[in-house]
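Visitor: I'd like a close look at just one part of this model, please. Could you then show me how the rest is put together around it?

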Amino acid sequence: MAVIALALVRVRDLFGVVMLSGIFTLTAASLYVVMDAVDVAFTEAAVGAGISTVLMLETLALTTGQEKVKRRNGLVPFIMVVVTGAVLIYGTLDMPSYGDPGAPIHRHVAPRYIEESGREVGVPNIVTSVLASYRSHDTLGEVTVIFTATVGVLALIGRSRRNRRKKEPQATGGGKDAR
Amino acid sequence: MRGNMILRIAAKMLIPCILLFALYVQFHGDYGPGGGFQAGVIFGSAFILYALIVGIEAARRAVPAVVSRVALALGVLLYAGVGVAGLFLGGRFLNYSVLADVSTAGQHLGITLIEFGVGITVAAAMITVFYVFASEER
Amino acid sequence: MDVFGLYNYWIVVVLMMTGFYVVIAQNNLIKKVVGLNIFQVSVFVFYISMSKVKGGTAPILDPGIEVYGNPLPHVLILTAIVVGVATMALALALVVRIQHTYGTIEEDEIDAQEEET
């Protein structure tokens, strides 16, 4: 996955970039299956390899196809990235090992969910029961966020399909006419 | 033209299967991986595939833009409605146990309803965003 | 301190830094959005790798299984993925808008046009 990510930095043709990003998310989805997260893998595969790629391709069709070459001073961002990476790696030295069953994350609330979910909710899929029953307020907020983001997209470029694009500069947002 | 034809035939065979699979994932979210979000995304992408094959105008006749926008709001309303129904029946907001006589049956009913609401909203969001992007001209 | 058991965090840090570099160093706006996506995926991998329990399986109740993986990060990440795609749609709509207004999606050209006004 790191190889794909590094290739993404170098490739300049934007179509290739979008395809690589799709492959990247698909590889991430298979990684999730290896880590026993089947629900998440399902969602990531459907969303990342499907919807994301389609949306980016549409944006490409509406803008340009190539990234322009630009010799820019790349040293300062590179140093910043290396320093931040070193600080983060120093921070991870304290963390529990991969797959450790005694890690603190498995101590507080998770045993209660795993043990009581069968009795209280009666649904075999624990992820669904936590998502929809134990933490349903968060899911309500999330659905509202999806709704709001879509309304935002509609407000930004969802204007009239029937009248073709006007050339005046005041045609930016400001009231949705002609549904 | 030949390449186009192969795509059309393959898509015509696949799209009903994808829609059926989306429904399966939606209602089997309790017993296996799945649930509202996955089902909504799969449904949306089946529709996008259809729109890519037959063109945007024919797809607009199948699902008009108004329907997808109304469905967007309807899903959220369904979710909040289940929560408020819990309020009316005596429990707290979004407490499903009071929706039926047996507590676990109430939970099951509540979970199925809100997952359906989530699925509708997510599918409508995908379709609406696709319409908006596809009808824009350069 | 078992250093070898921490390799998953280091991979995540590498991915995260790659995404970070793309966001701050590349000019093209679409590439920035893609870099943000890489960053996002690396954060998800971080959380999911924390939830894995050695010898556990997927958190679906089954009579024959004793040890399950931790379901709580899965719930968080599921939410985060779908919200991420919604905000990415919003970001791409902004990019299209910028293209209409400025005629370009390279960041330095946009800055130059902004400075003229």
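**Two helices of chain C, and beyond**

Guide: Let's start with helix α1 (residues 7-25) of chain C and helix α2 (residues 29-51) of chain C, whose axes come within 7 Å and cross at roughly 165°. (Axes are lines fitted to C-alpha atoms, for helices over the stretch in contact, and angles run from 0 to 180 degrees between N-to-C directions; helices, H or I of at least four residues, and strands, E of at least two, are DSSP runs numbered from the N terminus.) With that angle, α1(C) counts as roughly antiparallel to α2(C). (Under 35 degrees is roughly parallel, over 145 roughly antiparallel, 65 to 115 roughly perpendicular, and the rest oblique.)

Before going on: this is a predicted model, where local features need pLDDT of at least 70, side-chain atom pairs count only at pLDDT 80 or more, and totals for chains, interfaces and linings use all residues. Residues are numbered from 1 along each chain as its sequence is written, while chains are lettered from A and ligands numbered from 1 in the order in which they are written.

Back to our pair: α1(C) passes α2(C) in a left-handed crossing, meaning the near helix is turned anticlockwise from the far one by less than a right angle (clockwise would be right-handed). On the α1(C) side, the contact is made by C:N8, C:V12, C:L15, C:M16, C:T18, C:G19, C:F20, C:V22 and C:V23. Facing them from α2(C) are C:K31, C:K32, C:V34, C:G35, C:L36, C:I38, C:F39, C:S42, C:V45, C:F46 and C:S49. (Contact here means C-beta atoms, placed from the backbone, within 7 Å.) Sort that contact by class and you get 12 nonpolar, 6 polar and 2 charged residues. (Ala, Val, Leu, Ile, Met, Phe, Trp, Tyr, Cys and Pro are nonpolar, Asp, Glu, Lys and Arg charged, and the others, Gly among them, polar.)

Now zoom out to the chain that holds this pair. (Buried means 20 or more other C-beta atoms within 10 Å of the residue's own, exposed 12 or fewer, partly exposed in between.) Among the contacts in chain C with a separation of 6 or more, 39% are between residues 24 or more positions apart.

What about chain A itself? Chain A has 7 helices and 0 strands, and 37% of its 179 residues count as buried. For chain A, 32% of the contacts between residues at least 6 apart in sequence join residues at least 24 apart.

One helix of chain A is worth a stop: α6(A), residues 126-134. Here 9 of the 9 residues are buried, so α6(A) is largely enclosed by the rest of the structure. Its buried residues, including A:I126, A:V130 and A:L131, pack against α3 (38-62), α5 (110-120) and α7 of chain A, α5 of chain B and α3 of chain C.

A:T128, A:A132 and A:S133 of α6(A) make the contact with B:Q107, B:I111, B:I114 and B:E115 of α5(B). In that contact there are 3 nonpolar, 3 polar and 1 charged residues.

Technical notes. Two residues are in contact if their C-beta atoms, placed from the backbone, lie within 7 Å.
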